[in-house]
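The points are grouped by topic after the display below.

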Amino acid sequence: MSYRTSRNKPRALAALGALAAVLTCGVTVSPAASAAAIHPTCDRTKAVSITSGHYVTVPAYGTSKNLTCKLVLDQDKSNPAVKALQRSLKSCEGYVWLDVDGFYGPQTFLAVDALQGSYGLSRDGIYGPNTRDSMKHYSPTLGCARL
């Protein structure tokens with residue numbers, strides 16, 4: 001073993017240990033923090049017109065119902081915006097195993113992460129504007145449609 005290899009071994013082991021701790025504990029790391037600084041958390045839904053008389057329901061933010069918002073791992077409270085996202089993931093994107101419960105838990109996080117990968121987006125498990133614009137959303141009259 002060379003001097004360089006033996007010197008870097010403790011660093012590599014420490015990095016692997018930190019990664020294991022994050023994965024084991026389900027702790028959200030910097031992508032959520034950076035997304036939080038850019039977009040507020042979605043807390044409502046908005047019906048967005050697709051064609052005359054047809055609309056899709058998407059997560060939105062606040063009283064203005066701004067569509068530029070995000071959803072991240074949060075298992076503490078049920079959120080109608082998360083419920084709308086879960087309904088779209090389950091009904092329109094094929095994640096039939098996903099519970100529509102309004103909690104952005106590990107199932108929802110993994111579904112969003114997989115969806116992002118299938119659309120060639122950066123995989124961070126966060127529902128944000130790029131994910132919103134790429135995916136299909138549930139419509140009670142059309143079934144599923146894109147914005």
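**Salt bridges and their surroundings**

Asp 43 has a relative accessibility of 28% and therefore counts as partly exposed. The model is a predicted one, and the salt bridges in it come to three.

- Asp 43 is joined to Arg 44 by a salt bridge in which the closest N and O atoms lie 3.7 Å apart.
- Arg 44 has a relative accessible area of 35%, so this residue is partly exposed, and Asp 43 is likewise partly exposed at 28%.

**The pair Asp 113 and Arg 123**

- A salt bridge links Arg 123 with Asp 113, with 2.8 Å between the closest N and O atoms.
- Because Asp 113 belongs to helix 4 (106-118) and Arg 123 to the loop between helix 4 and helix 5 (129-134), the pair ties together parts that are 10 residues apart in sequence.
- Asp 113 counts as buried, because its relative accessibility of 16% falls under the 20% cut-off for that class.

**The pair Arg 132 and Asp 133**

- The side chains of Arg 132 and Asp 133 form a salt bridge with an N to O distance of 2.8 Å.
- Arg 132 is buried, at 9% relative accessible area, whereas Asp 133 is partly exposed, at 43%.

- Leu 67 is situated in the loop that runs between strand 2 (54-60) and helix 3 (80-92).
- With a relative accessibility of 21%, Leu 67 is classed as partly exposed, because buried residues must be under 20%.
- Leaving aside residues up to four places away in sequence, Leu 67 touches Lys 46, Val 48, Val 58, Pro 59, Ala 60 and Arg 132.
- Cys 42 is 25 residues away from Leu 67 along the chain, and the C-alpha atoms of the two are separated by 8.1 Å.

**Nonpolar surface patch**

- Val 96, Trp 97 and Leu 110 make up a nonpolar patch on the surface, and their accessible area together is about 340 Å².
- Val 96 lies in the loop between helix 3 and helix 4.
- The relative accessible area of Val 96 is 59%, which means that this residue counts as exposed, the cut-off being over 50%.

How values were computed. Residues numbered from 1 in each chain as written. Predicted model: local features only at pLDDT ≥ 70, side-chain atom pairs only at ≥ 80, totals over all residues. Heavy atoms only, no water. Helix = DSSP H or I, 4+ residues; strand = E, 2+ residues; numbered from the N terminus. Buried < 20%, exposed > 50% of the residue type's maximum accessible area, 1.4 Å probe, protein only. Contact = heavy atoms within 4.5 Å. Salt bridge = Lys/Arg side-chain N within 4 Å of Asp/Glu carboxyl O. Patch = residues over 30% accessible without salt bridge, like charges linked within 9 Å, V, L, I, M, F, W, Y side chains within 5 Å. Areas by Shrake-Rupley, 256 points an atom, 1.4 Å probe, with all protein chains shown as cover.
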